[in-house]
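Visitor: Hi, I'm new to this one. Could you walk me through how some of its parts pack together?

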Amino acid sequence: MFSKNKVLVIGLARSGINSALFLAKEGADILISDSKSQEQLAEIINDLDKFDNVKYILGRNPMIDEVKDIDFAVVSPGVPLELEYITQLKSMGISVISEIELAYKVAVKKGVSFIGITGTNGKTTTTSILGEIIKASGKETYVVGNIGNPAIKAVDEASENAVLVTELSSFQLESIDLFKPVVSTVLNLTEDHMDRHHTIENYAMAKANIFKNQDRDDFCILNYDDPITRKMGDECSARVIYFSVKNILPKGIYLEDGEIIINIDKKMSLMKTKDLSLPGEHNIENCMAAIGVALSFGVDEQVIKGVLMTFKAVEHRLEYVNTINGVKYVNDSKGTNPDSTIKAVQSYDQPIILIAGGYDKGSDFTELFSIAKKYVRTVIVLGQTSDLIYKTAKDAGIEEIFKVDSISQAVKKASEVADFNNVVLLSPACASWGMYNNYEERGNDFKKCVSEIENDREGK
């Protein structure tokens with residue numbers, strides 16, 4: 001399919017290395033660019049060394065003369081599209097696509113379908129729920145995308161009629177061309193990644209790309225309670241189904257007297273919210289979105305209900321870690337923006353000791369702490385945003401605030417100040433970069449530090 005193409009792969013993160021491997025196997029001539037040096041990437045590029053059709057530009061950005069004769073480029077999500085050589089490639093009419101777009105081109109040939117999930121918060125939980133639902137319906141299912149599993153690897157392995165349940169970030173959606181899921185959903189939109197998108201309007205436009213190629217044969221599930229996603233329904237050519245936890249809708253999925261109501265072709269009660277396995281109003285929204293997507297994909301209501309009653313929380317998303325001396329420790333490392341952390345603190349009735357801070361994405365923490373002060377008794381801050389979060393929390397009226405240099409120090413301080421029946425909640429409201437490679441590393445470090453607290457208590 002790509003054997004006569006010359007392709008530039010930009011960035012050797014997970015999506016980049018898997019795109020390069022796939023294209024190399026297909027016989028394309030691959031040029032790989034990464035700002036890291038060959039020594040830094042030695043272990044990563046080991047799998048590519050067996051291919052004669054792979055060359056490298058490492059330790060710097062390429063000059064346009066080095067890449068101007070390519071057929072197209074595949075760009076990793078973390079690479080800014082504003083880099084000079086990328087804008088020059090685009091101005092020359094050369095396509096710069098994401099790994100998701102590459103996977104879609106292959107999927108079309110193989111008869112593989114995509115389900116697409118995006119939004120600011122809840123993507124990973126909703127994607128994981130949907131993966132279990134589609135799998136329970138009997139389909140060959142792959143859970144891929146921003147959740148950590150490259151789509152190109154999965155689609156290469158998939159059989160005809162397989163389904164790729166795909167978590168999509170704004171970075172991935174910026175660089176699509178023909179990508180067209182059979183069902184899409186936009187869960188919510190709040191300010192995030194302003195260091196990259198600069199305005200909420202640009203961010204929303206990137207997210208809206210998830211349905212830009214859909215038509216009346218497709219479905220799009222949107223959050224009626226979010227004014228931005230509700231308005232997206234006017235711009236979408238797919239058949240739109242809304243969900244709401246606040247409004248009884250004339251048509252859609254909504255709450256009524258503690259029950260989740262489906263009112264699409266006919267009105268029926270699917271289940272009581274108390275029977276959902278996941279806590280919190282935000283998880284009711286995630287489950288409603290999953291219900292809408294699954295129904296649109298033709299899954300039986302009883303299959304959906306069965307998964308929603310038994311689904312276990314996603315790792316690093318309100319993940320219960322341990323209870324030590326009557327203090328509950330919860331890992332919400334996936335809480336990488338203020339709105340996500342708002343939802344996290346609202347999930348508990350007990351007083352919270354909040355561990356927050358990290359990489360500065362240009363977020364405003366004012367709303368977070370104006371809401372959090374009702375739930376949070378202590379804040380422990382760290383990372384690049386520590387001074388800003390300290391001041392914002394103090395201005396909001398939170399009196400007990402500590403500044404530390406590491407997760408280890410944060411957990412130790414939390415254990416010292418916590419009272420019986422408190423919740424120590426890692427929900428940073430910031431990205432992990434600068435301290436960790438990703439939120440998974442941060443969450444795992446938190447869990448390791450909690451286990452050390454327990455071992456110290458037991459004298460192990």
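Visitor: How do the axes of α11 and helix α12 cross?

Guide: This is a predicted model, and in it the axes of α11 and helix α12, which covers residues 301-310, come within 10 Å and cross at roughly 150 degrees. Because angles over 145 degrees count as roughly antiparallel, α11 is roughly antiparallel to α12.

Visitor: And is that crossing left-handed or right-handed?

Guide: The crossing of α11 and α12 is right-handed.

Visitor: Which residues meet there?

Guide: On the α11 side they are C287, I291, A294 and L295, and these meet E301, I304 and L308 of α12. Sorted by class, the contact of α11 with α12 holds 6 nonpolar residues and 1 charged residue, with no polar ones.

Visitor: OK, what about α5 and α11, how do their axes cross?

Guide: Helix α5, residues 123-136, and helix α11, residues 281-296, have axes that come within 9 Å and cross at roughly 40 degrees, and α5 and α11 are therefore oblique to each other. The crossing of α5 and α11 is right-handed.

Visitor: Who makes the contact in that pair?

Guide: From α5 the contact uses T125, T126, I129, L130 and I133, while α11 brings N283, N286, C287, A289, A290, V293 and A294. The residues of this contact between α5 and α11 comprise 8 nonpolar and 4 polar ones, and no charged ones.

Visitor: Switching to strands: in what order do they sit in the open sheet?

Guide: The open sheet is formed by 9 strands with mixed pairing, in the order β7-β8-β6-β9-β10-β11-β12-β13-β14. Its edge strands are β7 (141-145) and β14 (267-272), each of which pairs on one side only, and from one strand to the next the twist averages 20 degrees.

Visitor: Can you zoom in on β11 and β12: in which sense do they pair?

Guide: Strand β11, residues 239-244, and strand β12, residues 252-256, pair in the parallel sense over 2 bridges. As one detail of the bridging, F243 has I253 in β12 as its bridge partner.

Visitor: Last topic, how many salt bridges are there?

Guide: Searching the whole structure gives 26 salt bridges.

Definitions and conventions. Residues numbered from 1 in each chain as written. Predicted model: local features only at pLDDT ≥ 70, side-chain atom pairs only at ≥ 80, totals over all residues. Heavy atoms only, no water. Axes fitted to C-alpha atoms, helices over the stretch in contact; angles between N-to-C directions. Helix = DSSP H or I, 4+ residues; strand = E, 2+ residues; numbered from the N terminus. Parallel < 35°, antiparallel > 145°, perpendicular 65-115°, else oblique. Left-handed = near helix turned anticlockwise from the far one by under 90°. Contact = heavy atoms within 4.5 Å. Nonpolar A, V, L, I, M, F, W, Y, C, P; charged D, E, K, R; others polar. Pairing = 2+ DSSP bridges. Salt bridge = Lys/Arg side-chain N within 4 Å of Asp/Glu carboxyl O.
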